[in-house]
Amino acid sequence: MKCDKCGGEAVIYQRYSGMHLCGAHEIADVERKIKRRMRKERMAVPSDHIAVAMSGGKDSAAVLSILVDTFTTRSNIKFSAITVDEGIDGYRNESIPRAKELCDQLGVPHHVISFKDEIGYTLDDILKRERKEASCTYCGVFRRTLLNRKAREIGANKVATGHNLDDEAQVVLLNIMNGDIERLARLRPSRVQEGLIPRIKPLMDVPEREIALYAFLKKLPFHMGECPYTSESFRGEVKDMLNDFEARHPGTKYSVLSGYENMVDCLKEKYPQVPLERCEVCGEPGIRGVCQACKLKRRVKIDRRSGDTHSAS
Ligand SMILES: [Zn+2]
Ligand SMILES: [Zn+2]
């Protein structure tokens with residue numbers, strides 16, 4: 001197959017656009033989509049300090065690399081990378097060195113914080129005992145809190161994540177299927193909350209498989225493994241369903257995202273954003289009283305204690 005732009009050897013067929021593209025034109029297409037989104041939402045402005053959430057996977061590698069490439073000449077934007085080590089044996093110990101390698105290549109300061117140091121337990125530890133929630137609940141809540149705190153500590157005013165089109169479409173459908181429309185509204189916060197570093201998602205218009213291809217074509221160091229806990233999530237089922245739809249009806253993922261963008265203003269009117277308060281325990285921003293992270297942390301501790309009594313008797 002030939003590239004529709006230059007006649008060179010095609011490496012991908014984008015069914016949703018009907019185009020065959022060679023490596024160079026695929027790279028250009030991915031970067032065009034990212035830059036368009038960044039411009040549209042003014043994701044990077046002079047004097048920003050953007051902390052990139054680096055897992056060491058393809059998405060975060062792509063986001064860090066393109067941000068640094070695009071804005072290096074505009075010297076008044078600063079970048080840092082933060083990796084949260086959840087403590088997942090056989091997974092994080094492979095991906096963290098890749099994250100570090102890319103940061104070194106790009107000359108970006110790299111900060112690593114771990115569940116073990118900050119919460120007292122690795123995710124593996126937590127899941128061995130306490131299973132009242134799905135693994136992604138603990139992971140997601142703790143990761144978000146640690147990332148936000150670290151970003152604030154290093155003086156970042158934005159956190160960039162590697163969420164791609166698939167992630168975005170999945171989370172929209174997931175919230176609809178859970179009937180959690182308030183959470184759907186909160187996916188696009190309209191104003192900055194005290195203590196909460198705003199998130200930007202530059203990759204949200206790029207399908208996951210094209211990010212993987214991009215990272216591969218650009219020879220970025222990244223880890224290919226998948227989190228061993230993903231298979232147990234409801235989200236995994238939504239992902240499969242969406243991929244199945246996309247295969248039979250190309251463009252479905254884009255339709256889910258644009259449909260969501262068309263209704264989000266109505267949702268935000270129905271569910272106005274509540275100002276966050278400080279958590280009574282840790283001082284981090286939260287809905288009211290004790291934050292989600294502290295509640296989960298307390299539960300893990302209690303369960304651990306009763307678990308210990310059990311094993312002793
Ligand atoms: Zn081409
Ligand atoms: Zn708290």
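**A working chat**

Analyst: Phenylalanine 142 counts as buried, at 2% relative accessibility, where buried means under 20% relative accessible area, exposed over 50% and partly exposed in between, with a 1.4 Å probe and protein chains only. Please keep in mind that this is a predicted model, in which local features need pLDDT of at least 70 and side-chain atom pairs count only at pLDDT 80 or more, while totals for chains, interfaces and linings use all residues. Residues are numbered from 1 along each chain as its sequence is written, chains are lettered from A and ligands numbered from 1 in the order in which they are written, and side-chain values use heavy atoms, with hydrogens and water left out.

User: How many aromatic pairs does a search of the whole structure find?

Analyst: The search gives 3 aromatic pairs, counting rings of Phe, Tyr and Trp (its six-membered ring) with centres within 6.5 Å, and calling planes under 30 degrees apart stacked, over 60 edge-to-face and the rest tilted. In the pair of phenylalanine 115 and phenylalanine 142, the ring centres are 5.8 Å apart and the planes stand at 85°, so this pair is edge-to-face. Phenylalanine 115 lies in helix 4 (residues 115-119) and phenylalanine 142 in helix 6 (residues 135-153), so the pair ties together parts that are 27 residues apart in sequence. Helices (H or I, at least four residues) and strands (E, at least two) are DSSP runs numbered from the N terminus. Phenylalanine 115 is buried too, at a relative accessible area of 0%.

User: Which residues of helix 6 are buried?

Analyst: Among them are Tyr138, Cys139, Val141, Phe142, Leu146 and Leu147. The 19 residues of helix 6 should span 27 Å at 1.5 Å a residue, which agrees with the 27 Å between its end C-alpha atoms; the expected span is 1.5 Å times one less than the number of residues. Glycine 155, with a positive phi near 85°, follows helix 6.

User: New topic: what are the protein donors of the zinc ion (ligand 1)?

Analyst: They are Cys3 (SG), Cys6 (SG), Cys22 (SG) and His25 (ND1), at 2.1 to 2.3 Å from the ion. Donors are N, O and S atoms within 2.8 Å of the metal (3.2 Å for Na, K and Ca), and since water is not among the atoms, sites may look incomplete.

User: Why is the arrangement around the zinc ion (ligand 1) tetrahedral?

Analyst: The 4 donor atoms subtend angles of 100 to 113°, which makes it so. Four donors count as tetrahedral if all angles lie between 85 and 135 degrees; four count as square planar and six as octahedral if opposite donors are over 155 degrees apart and all others between 65 and 115, and anything else is irregular. Cysteine 3 is buried at 4%, and cysteine 22 is buried at 8%.

User: And what are the protein donors of the zinc ion (ligand 2)?

Analyst: Ligand 2 has Cys279 (SG), Cys282 (SG), Cys291 (SG) and Cys294 (SG), lying 2.2 to 2.4 Å away, and their spacing in sequence is C-x2-C-x8-C-x2-C. The angles at ligand 2 run from 107 to 112°, which makes that arrangement tetrahedral.

User: In which order do the 5 strands form the open sheet?

Analyst: The order is 5-4-3-6-7, with parallel pairing, and two strands pair if DSSP finds at least two bridges between them. The edge strands are strand 5 (110-114) and strand 7 (199-200), each pairing on one side only. Strand 3 (residues 49-53) and strand 4 (residues 78-85) share 5 bridges, and alanine 51 has serine 80 of strand 4 as its bridge partner.
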